[in-house]
Amino acid sequence: KTTSKKNKFLIPDNCLSIIFDHRSKGKADRSYTLDLVCTDEEIRNKWFDAFDQLIESMKEVEYQKEYELYLRERFNSADISKNGYLFLNEFTLLLKQLNIEMEEEEIIKVFNEANSDKTLV
């Protein structure tokens, strides 16, 4: 706390602080905050809700990236021929890696529906 003359006009319920993560890449020992002073508690709550939604959206994007990376890794490990495409046997392996259980006829049906290059089997 400072003894500034302005501090006596600050109402704690109208304020919020954003604490930037000190564990950020390449910024060791550089934690800092952004202190925001709002005109009233309602405005402070709107800012808080907006930041909360932004953080949740960023988390969802990160989870999506991780999931896509996981799927890419599974695809690459199933792509035995390493040609960037899956043959039926490789597709079957991918389904097993993803714990997707299907009857052989259903696997063939799904594969044929997705197989845009009908020359590949």
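Which side chain does Arg44 meet in a salt bridge, and at what N to O distance? I looked that up before anything else. The side chains of Arg44 and Glu41 form the bridge, at 3.6 Å from N to O. The term here means a side-chain nitrogen of Lys or Arg within 4 Å of a carboxyl oxygen of Asp or Glu.

**Ground rules**

I am working from a predicted model, where local features need pLDDT of at least 70, side-chain atom pairs count only at pLDDT 80 or more, and totals for chains, interfaces and linings use all residues. I number residues from 1 along each chain as its sequence is written, and side-chain values use heavy atoms, with hydrogens and water left out.

**Overall layout**

I counted three helices and two strands in the chain. Helices (H or I, at least four residues) and strands (E, at least two) are DSSP runs, numbered from the N terminus. Along the sequence I read the pattern β-β-α-α-α. Then I checked burial: 12% of the 121 residues count as buried. My cut-offs are under 20% relative accessible area for buried, over 50% for exposed, and partly exposed in between, with a 1.4 Å probe and protein chains only.

**Salt bridges along H1**

I found three salt bridges in the structure. Back to Arg44 and Glu41: they are separated by about one helical turn, because they sit three residues apart in helix H1. Arg44 counts as buried because its relative accessibility is 17%. Glu41, at 37%, counts as partly exposed.

Next I looked at Glu42 and Lys46, whose side chains meet in a salt bridge at 3.6 Å, N to O. These two are four residues apart in helix H1, so about one helical turn separates them. Glu42 has a relative accessible area of 53%, so I noted it as exposed.

Lys59 and Glu56 also pair up, at 3.5 Å from N to O. Both lie in helix H1, three residues apart, about one turn of the helix. Lys59 is partly exposed at 38% relative accessible area, and Glu56 is partly exposed at 36%.

**The core**

Which residues make up the largest nonpolar core? I listed seven: Ala78, Leu86, Phe91, Leu94, Leu95, Ile107 and Phe111. H2 gives the largest share, three residues. A nonpolar core here is a set of buried Ala, Val, Leu, Ile, Met, Phe, Trp, Tyr and Cys residues joined through side-chain atoms within 4.5 Å. A reminder to myself: in soluble globular proteins, nonpolar side chains tend to be buried together.

**Surface patches**

I also looked for nonpolar side chains on the outside. Phe20, Tyr32 and Leu34 form a nonpolar surface patch, with about 280 Å² of accessible area together. Patches take residues with over 30% relative accessible area and no salt bridge, joining like charges within 9 Å and nonpolar side chains (Val, Leu, Ile, Met, Phe, Trp, Tyr) within 5 Å. The areas come from the Shrake-Rupley method with a 1.4 Å probe, and for residues only the protein chains shown count as cover. Tyr32 belongs to strand S2, residues 32-37. With 46% relative accessibility, Tyr32 counts as partly exposed.

For charge, I noted a negative surface patch made by Glu103, Glu104, Glu105, Glu106 and Glu113. Lys and Arg count as positive and Asp and Glu as negative, while His and the chain ends are not counted. Each charge is placed at NZ of Lys, CZ of Arg, CG of Asp or CD of Glu. Glu106 is in helix H3, residues 104-114, and it counts as partly exposed at 36% relative accessibility.

Where does Lys82 lie? I found it in the loop between helix H1 (41-78) and helix H2 (88-97). Lys82 has a positive phi of about 55° although it is not a glycine. Most residues other than glycine have a negative phi. Lys82 counts as exposed, because its relative accessibility is 61%.

Asn99 also went on my list, with a positive phi near 60° in a residue other than glycine. Asn99 is in the loop between H2 and H3, and counts as exposed at 69% relative accessibility.

**One contact across the sequence**

Last, I checked Leu10, in the segment before strand S1 (15-20). Leu10 and Val37 are 27 residues apart in sequence and 7.6 Å apart in space, C-alpha to C-alpha. Leu10 is partly exposed, at 37% relative accessibility.
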